[in-house]
Amino acid sequence: MRLLYRASPWRTLFTGDFPSALDGWPPVLAPLRDALNALGPSPSLAEAHHWQASLVDALDRLDLPAWRISQIISDHNDWLYRRSVELSLNEMQGQSWGPPPVAFCVLTLGSVARHESLLGPDQDNAMIIADYPDERHTEIDGYFQALGERFTQRLDAAGIPLCQGHVMARFPMWRKRLSEWGEQLALWTADRRVKRVQQANILLDFHPVYGEPALSEALSDRVARRLPHAYLFLDEMAELLHETPVALDRFGRLASGGEGAPHERAIDLKHRGVLPLVNAVRLLSLRHAVTPPDTRSRLTALVMSDVLDTEHARALTMALARLQGLLLGEQRMALAEGRTPDGWVNEARLAEDERWLLRHDLKQIQAVIRRARD
């Protein structure tokens, strides 16, 4: 099913160039206007990325909730992607590569694609290329390989690191013709091999950020047609939900520490809170052919499809919002202290009501995981 959602004015901030005509903004938006004025009208990629913390500070002063700030951070990341591709295409024109030989579409993946990004993500991206004859492969794929290498390197230099797992359009695995993406999807979803399910999970949250959006829509149609009937694949995806348990022990208490924890009171709220929720809601969405790419809209679509009841979906929406708020607050503190933002939250900093709400939210996520595994 396809749904239309009313866009918020906040989501138009970075749809084109950086906002202009700031003098016409009402006084209530002074924090955001001042932040944009401080950045200037023509920032470099590195300047624009470094400024993102100031953007978050301004939005917080305007009392926007963390879930909305997360959307706007993601929109700003989209702008950074678009600008990096534009600069790379201009550079290639100057080096006599010429214009793109066929239509293409650059995709963001993961939290940026879901517009649920917080501070400090690395790169996850892919590219769809319009179909072309096999005899032109060296010529055409060579062009887009060069483009992929250039724009990902620009993002890295600006402060968005290269993906350590190589999930980027500079690599053939994540740069394919539309028909090849269809074949890849068929291969990944044909059975219940763990590695193939994990790779498909990376692809299944995607968003067109530059180029021909019809290519992204065509891939989305292929996903919607194939996935609800890929029963073995979906069964394995359900089994993999065990690999991301929520941060509760068997007595329902908050579980801190663990592998990679910066200290014993640290809770891995990204991998043991947000991701279990995202994974369970994605699985339900694939089973029932609902197509919105973000978790909030997926929950709405699942209610409209009579998959989830309204109260549970509302509880999960609120849980995601509170998790994002805790993570964003911790990440802003990390930046203020000169640390790299991550997905850990210090339990010692939580008030008693925050700990109670966190336990409640994690139990709601456990319930939707059980629903997704049924």
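This is a predicted model: local features need pLDDT of at least 70, side-chain atom pairs count only at pLDDT 80 or more; totals for chains, interfaces and linings use all residues.
1. Contact here means heavy atoms within 4.5 Å. Leaving aside neighbours within four places in sequence, Met 127 is in contact with Phe 104, Cys 105, Val 106, Phe 144, Leu 147, Gly 148, Phe 151, Ala 169, Trp 174, Arg 175, Lys 176 and Trp 181. We'll come back to this residue a few times.

2. The protein averages a pLDDT of 91, and 96% of the residues score at least 70. Confidence is highest in strand β2 (residues 125-129), at a mean of 98, and lowest in helix α8 (residues 194-203), at 88. Be careful with residues 1-6, where pLDDT stays under 50; the model has 15 contacts beyond four places in sequence for this stretch.

3. Now the sheet. It is open, has 4 strands in the order β3-β2-β1-β4, and its pairing is mixed. Because β3 (175-177) and β4 stand at the edges with a single partner strand each, one side of each is left without a neighbour in the sheet. On average, neighbouring strands of this sheet are turned by 30 degrees against each other, direction ignored.

4. How do β1 and β2 run, parallel or antiparallel? They are antiparallel, joined by 5 bridges. Met 127 turns up again here, as the bridge partner of Val 106. On the β3 side, β2 runs parallel to its partner, with 3 bridges between them. There, Ile 128 has Lys 176 as its bridge partner. To get from β2 to β3, the chain crosses through helix α6 (residues 137-158), and this β-α-β crossover is right-handed. Also in this strand pair, Ile 129 stands opposite Arg 177 in β3.

5. Which residues of β2 lie on each side? Asn 125, Met 127 and Ile 129 are on one side, Ala 126 and Ile 128 on the other, and all are buried.

6. The largest nonpolar core has 112 residues. Met 127, Phe 144, Leu 147, Phe 151, Phe 233 and Leu 358 have the most contacts inside it. The largest share of this core, 10 residues, comes from α4. That helix (66-94) lies across β1, β2 and β4, running at about 35 degrees to β4.

7. Most residues other than glycine have a negative phi. Ser 96, however, has a positive phi, near 70 degrees. Ser 96 is found in the loop between α4 and β1 (104-109), and counts as exposed because its relative accessibility is 69%, above the 50% cut-off. The other case is Asp 306, whose phi is near 60 degrees. Asp 306 has its place in the loop between α12 (295-304) and α13 (310-336). At 70% relative accessibility, Asp 306 counts as exposed too.

Definitions and conventions:
Residues are numbered from 1 along each chain as its sequence is written. Side-chain values use heavy atoms; hydrogens and water are left out. pLDDT is the predictor's confidence in each residue, from 0 to 100. Helices (H or I, at least four residues) and strands (E, at least two) are DSSP runs, numbered from the N terminus. Buried means under 20% relative accessible area, exposed over 50%, partly exposed in between (1.4 Å probe, protein chains only). Two strands pair if DSSP finds at least two bridges between them. Axes are lines fitted to C-alpha atoms, for helices over the stretch in contact, and angles run from 0 to 180 degrees between N-to-C directions. A nonpolar core is a set of buried Ala, Val, Leu, Ile, Met, Phe, Trp, Tyr and Cys residues joined through side-chain atoms within 4.5 Å. A crossover is right-handed if, with the strands pointing away from the viewer, the path from the first strand over the helix to the second runs clockwise.
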